[in-house]
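Grab a pencil and work through these exercises with the structure open beside you. Try each task before you read its solution.

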Amino acid sequence: MYSKMWKDVPLHFDWSMWLEVREIWCAFMMIVVVLAWQQPFLEFCLLVVMASVLVLIAIYDIRYGLIYDRLVLLLLLLGLIPILCGYIAWESACLGALLGGSLLAGLRFLSHGGLGLGDVKLAVPLGMWLGWENLFLCLLLASVSGLIYGGWLLLCHRMQRKSPLPFGPFLAWGALAAFGWGHVIRGYIEGGLCW
């Protein structure tokens with residue numbers, strides 16, 4: 001599943017590692033910029049800052065099956081920016097961080113380690129960036145897309161039932177979608193539930 005042998009996996013993130021993935025990182029960042037272009041200026045800037053770290057996290061989770069603590073800590077520290085800018089209330093950010101870590105820690109416990117500890121750690125800064133309401137949307141989007149993708153891989157016999165599937169990329173995409181377009185997505189979901 002992973003492109004490198006486990007013995008070749010760097011155990012700690014170093015910024016020189018970015019040079020190995022800069023082309024794919026730049027390609028994904030271009031997609032984010034194009035998609036977010038119509039956002040208000042502050043939201044656009046925050047989305048680009050958030051994406052710059054989340055894209056790296058997703059790339060390394062796919063490549064090595066690891067979510068590096070240094071990148072999670074960086075995302076957590078950068079999560080102070082939306083609070084200081086008044087984009088999100090500190091109460092909502094703290095509640096989101098607490099819920100994110102608690103929910104995924106509970107899922108990790110219930111799945112007997114089926115969910116990685118890196119995913120649990122990543123949920124804390126995501127909750128801080130998103131607040132509790134958008135955090136639930138992020139987790140819903142990540143879970144549904146992960147189930148669909150994993151199911152497709154199983155049906156196509158490209159993955160074994162017990163093979164690990166990195167959840168970090170799904171959390172990253174769910175977080176970006178919830179942060180940039182959460183109100184629109186929630187409107188569609190609520191509209192669909194009223195049918």
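**Exercise 1. Is Leu11 buried or exposed?**

Solution. Start with the ground rules: this is a predicted model, where local features need pLDDT of at least 70, side-chain atom pairs count only at pLDDT 80 or more, and totals for chains, interfaces and linings use all residues. Residues are numbered from 1 along each chain as its sequence is written, and side-chain values use heavy atoms, with hydrogens and water left out.

Next, the cut-offs: buried means under 20% relative accessible area, exposed means over 50%, and partly exposed is in between (1.4 Å probe, protein chains only). Leu11 comes out at 66% relative accessibility, so it counts as exposed. You'll find Leu11 in the segment before helix H1; helices here are DSSP runs (H or I, at least four residues), and strands (E, at least two) are too, numbered from the N terminus. Finally, check across the chain: Asp69 is 58 residues along from Leu11, and their C-alpha atoms are separated by 10.0 Å.

**Exercise 2. Find out how far confidence in the model goes.**

Solution. pLDDT is the predictor's confidence in each residue, from 0 to 100. For the protein chain the mean is 91, and 94% of residues reach 70 or more. Now look at residues 1–5: pLDDT stays under 50 there, and the model has 13 contacts (heavy atoms within 4.5 Å) beyond four places in sequence for them.

**Exercise 3. How are the rings of Tyr60 and Tyr64 arranged?**

Solution. Rings of Phe, Tyr and Trp (its six-membered ring) pair if their centres lie within 6.5 Å; planes under 30 degrees apart count as stacked, over 60 as edge-to-face and the rest as tilted. The whole structure has 13 aromatic pairs.

Phe13 is buried at 2% relative accessibility, whereas Trp15 is exposed at 52%.

Now the tyrosines: the centres of Tyr60 and Tyr64 are 6.0 Å apart and the planes are at 5°, so this pair is stacked. Both sit in H2 (residues 41–64), four residues apart, which is about one helical turn. An α-helix has 3.6 residues a turn, so residues three or four places apart point the same way. Tyr60 is buried at 0%, and Tyr64 is buried at 2%. Ring pairs link Phe13, Trp15, Tyr60, Tyr64 and Tyr68 into a cluster.
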